[in-house]
Amino acid sequence: MASYVAGIDFGTSNSSTAITNGGVPRLVDVENGRNTIPTALYFPEKSSEVFYGRTAQQKYVDSETGGRFMRSMKRILGTPLMDSSTQINGHMVKFDDIIGAFVSYMKQKIDASANENVESVVMGRPVHFRDNDPAADDKAQQELKRIARKAGFKNVCFQYEPIAAAFAHEQKINSEKLACVIDIGGGTSDFTVIRLSPENRNKADRTKDVLANTGVRIGGNDFDKNLSLNAFMPVLGMGTDYKVYGKVLSIPNSIYINLSTWNQVNDVYNYKTLNLVKGYQTWALEPEKLARLYQVVQNRLGHINLNYVEKAKIALSKDLSIESILDFLSDKPSIYITREEFNNSISNDVEKIEKFLSECILQAGVKNEDIDLVILTGGSTEVPRVSEIATKFFPNAEVSAGDKLSSVGMGLAYDARRIFL
């Protein structure tokens, strides 16, 4: 019997993996019976333990002693931060090793599921890790390749995530389709136009079937950021003023931007920022709002706040309006948000997504009306303003959603079977 090979979808917000030894790939249980896991780590204070996924999130929320919670680490790949370190429990730890800890965790789950040491993997990657920077984009892939090898994989290949999603969907079709994949995850939006057919499933070379790929570094994390800045941060004093020496000045936005950006939240947890906020509170025209900001910084509640933002985003994908009560703050302020307000907050990002989707169709040399099938994948395609793009752009196409969080992992395993077995 052939050894197992794997595909890993290391995502900005969620990750999954699948394995195969030549047959139909199967998804791996990566966390307590689930085949997807939030891409999150928690390092408890004064402990050598590391927690992952939902467990990391819950341990962080329940913790009374603090610690370091980290999420959206994929966005650091290819940036100068990857060449530096951050402090965890009094020790300087390289970002390379932090991402490596998560990939190693996935490797352990793969090996346990296969009951052997799996040595070959196809890693998913966005069309562009970094926009308009080929050198940084190549650097990001090389960093992820090095991390995968350090985790124990000897043979590491890469595949664009939207192409992997297409490969997973191709197993279900019974006739040729001209497909467009819309893959919008936590960190990027990627698009592929590809010809799919039952006859092509096992072809060794699919180069001629892929007509175009485009992508842009916009995703669900950016939707969270915009919703946070527009609806949540004003409750903490964003947009308010303070008066000092007879002058009325605006509270700077930099702290609020960091608190609204998943991979920058930890940057505000320092004495300098805490003292700065205390000063603003002293002179603030609306001091009760700055008192909330002080509480968030002092008690390291930024990630918990973003959890509420993310829940609001998900709720607004189903409901036209919601009320979010910030019960992690002492005065428990409430926020009323409508879907229209959410749509307005992400409108610039959606316009950019539409621009790059249009570019993909143009590069493929086809018309919108020629697309037979639209494959939606990635959790952010659940946002109505985003999912509506499919019907807006492709009037003749069937729209298939499938399993939006694990289809890329499955497709990568199909590609691993093609490459390694």
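H1, strand S8 (85-88), helix H7 (271-283) and helix H8 (287-298) each give at least two residues to the lining of the second largest pocket. Helices (H or I, at least four residues) and strands (E, at least two) are DSSP runs, numbered from the N terminus. This is a predicted model, where local features need pLDDT of at least 70, side-chain atom pairs count only at pLDDT 80 or more, and totals for chains, interfaces and linings use all residues. Residues are numbered from 1 along each chain as its sequence is written, and side-chain values use heavy atoms, without hydrogens and water.

**View 1. The second largest pocket holds about 690 Å³ of space.** A pocket is an open set of points on a 1 Å grid over the protein atoms alone, where a 1.4 Å probe fits, with protein on both sides within 12 Å along at least five of seven lines; lining residues have an atom within 4 Å of a point. Volume is the space filled by probe spheres set on the points, which are joined across faces, edges and corners. Of 27 lining residues, Glu 45, Gly 67, Arg 68, Tyr 269 and Arg 300 lie nearest the centre.

**View 2. S8 supplies the largest share of this second lining, four residues.** By class, the lining of the second largest pocket has ten nonpolar, 13 polar and four charged residues. Ala, Val, Leu, Ile, Met, Phe, Trp, Tyr, Cys and Pro count as nonpolar, Asp, Glu, Lys and Arg as charged, and the others, Gly among them, as polar.

**View 3. The largest pocket has a volume of about 1,200 Å³.** Its lining has 50 residues, with Ser 13, Asn 14, Arg 71, Glu 310 and Ile 314 closest to the centre. H9 gives the most to this lining, seven residues.
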